[in-house]
Amino acid sequence: ISLLQDILPDGETHKMQESVARTPTVVFNSAFTAAQYPGITGRVIPLPVDFSLFEPQNAMGCQQALGLPDGCVLWVGASQGAAGQVKGFDAFLQVVRLNPDLNFVGVFKDALPESVPPNLRVYERLPHAELVKVIGACRVGLCTSRMESQHLAGIEMGACGLPLVVPPVGCYWQRKDWPGCEVLEHTPAAFAHGIRACLGKVAEGEKQWVSDYWRKEFDIEVVRAAWTRLVEEIENEQARSQQDLEERG
């Protein structure tokens, strides 16, 4: 079984991926990832999210604990180098600066930016137990990534009941009837329009259905069951092949 979950640009490493993936069974973490490798046939089994940890929180309680105002927009990503470019940190910063009437929260996986606008609160390398509280204090999740194979951070936000504003990448690609807003143009204006459309879209008492929407696809038990079925299929196929060989012998 080959697991292909990182989208790499054309080049030697991309060719190496294709070479390794020429096994009888290839697993992609999203249909979007699979679409980037048209010469490889496989099935999709996503990476899971722990819904026992990432679950709807009491927004007011989280806001008071963190000193955050109501109506914050949450972004999780990186600010440095190639990772910051892929995550669209520059686009996120433009959205923040061009919408001074909105409040934003940024959680950075690498390092805090040297300076930020006054309407942006920043956190660095939060453990999951703390990240849940930050998500719980916010009202909308934002993804400005230029490329994503799945986007676990967004699924974690969705698990906590937040509607999402996202481009058509990763697990959001070709997704229909879901609790969020797809942004087709990677521009500050398009992201701002999506954010304003989603603010107030999910009431406090409606967070659970948003969480349940993502749980049915990305819960640990759901993903484990998919892997179990795959392994059983391969084992049964190998058993049949062995039996055929014995009968021919």
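1. Which order do the strands of the open sheet of three strands have, and is the pairing parallel or antiparallel? The order is β1-β2-β3, and the pairing is parallel. Keep in mind that this is a predicted model.

2. Look next at the edges of this sheet. β1 (2-4) and β3 (43-44) stand there. Each has a single partner strand, so one side of each is left without a neighbour in the sheet. As background, strands of a sheet pair through backbone hydrogen bonds, either parallel or antiparallel.

3. Now take one pairing in detail. Strand β2 (residues 26-28) joins β3 over two bridges, in the parallel sense. Find F28 and look across: V44 in β3 stands opposite.

4. Turn to the aromatic rings. How many aromatic pairs does the structure hold? There are eleven. One of them is formed by F32 and W173. The ring centres of F32 and W173 are 5.9 Å apart, with 65° between the planes. An angle over 60 degrees counts as edge-to-face, so that is the label for F32 and W173.

5. Where do these two residues sit in the chain? F32 is in helix α2 (residues 31-35), while W173 is in the loop between β8 (164-166) and β9 (180-182). They are 141 residues apart, and the pair links distant parts of the chain. Their surroundings can be compared too. F32 has a relative accessible area of 8%, so F32 is buried. W173 has 28% relative accessibility, so W173 counts as partly exposed.

6. A second pair has another geometry. The rings of W75 and F92 have their centres 4.5 Å apart and their planes at 5°, so this pair is stacked. W75 lies in strand β4 (residues 72-77) and F92 in helix α5 (residues 89-98). The pair therefore ties together parts that are 17 residues apart in sequence. Buried or exposed? Both W75 and F92 are buried.

7. Finally, check how two helices pack. Helix α3 (residues 59-66) meets helix α6 (residues 128-137) at an angle of about 115°, and their axes are 7 Å apart. α3 and α6 are therefore roughly perpendicular to each other. The crossing of α3 past α6 is left-handed. Which residues make the contact? From α3 come A59, C62, Q63 and L66. From α6 come K133, V134, G136 and A137.

Key:
Residues numbered from 1 in each chain as written. Predicted model: local features only at pLDDT ≥ 70, side-chain atom pairs only at ≥ 80, totals over all residues. Heavy atoms only, no water. Phe/Tyr/Trp six-rings, centres within 6.5 Å; stacked < 30°, edge-to-face > 60°. Helix = DSSP H or I, 4+ residues; strand = E, 2+ residues; numbered from the N terminus. Buried < 20%, exposed > 50% of the residue type's maximum accessible area, 1.4 Å probe, protein only. Pairing = 2+ DSSP bridges. Axes fitted to C-alpha atoms, helices over the stretch in contact; angles between N-to-C directions. Parallel < 35°, antiparallel > 145°, perpendicular 65-115°, else oblique. Left-handed = near helix turned anticlockwise from the far one by under 90°. Contact = heavy atoms within 4.5 Å.
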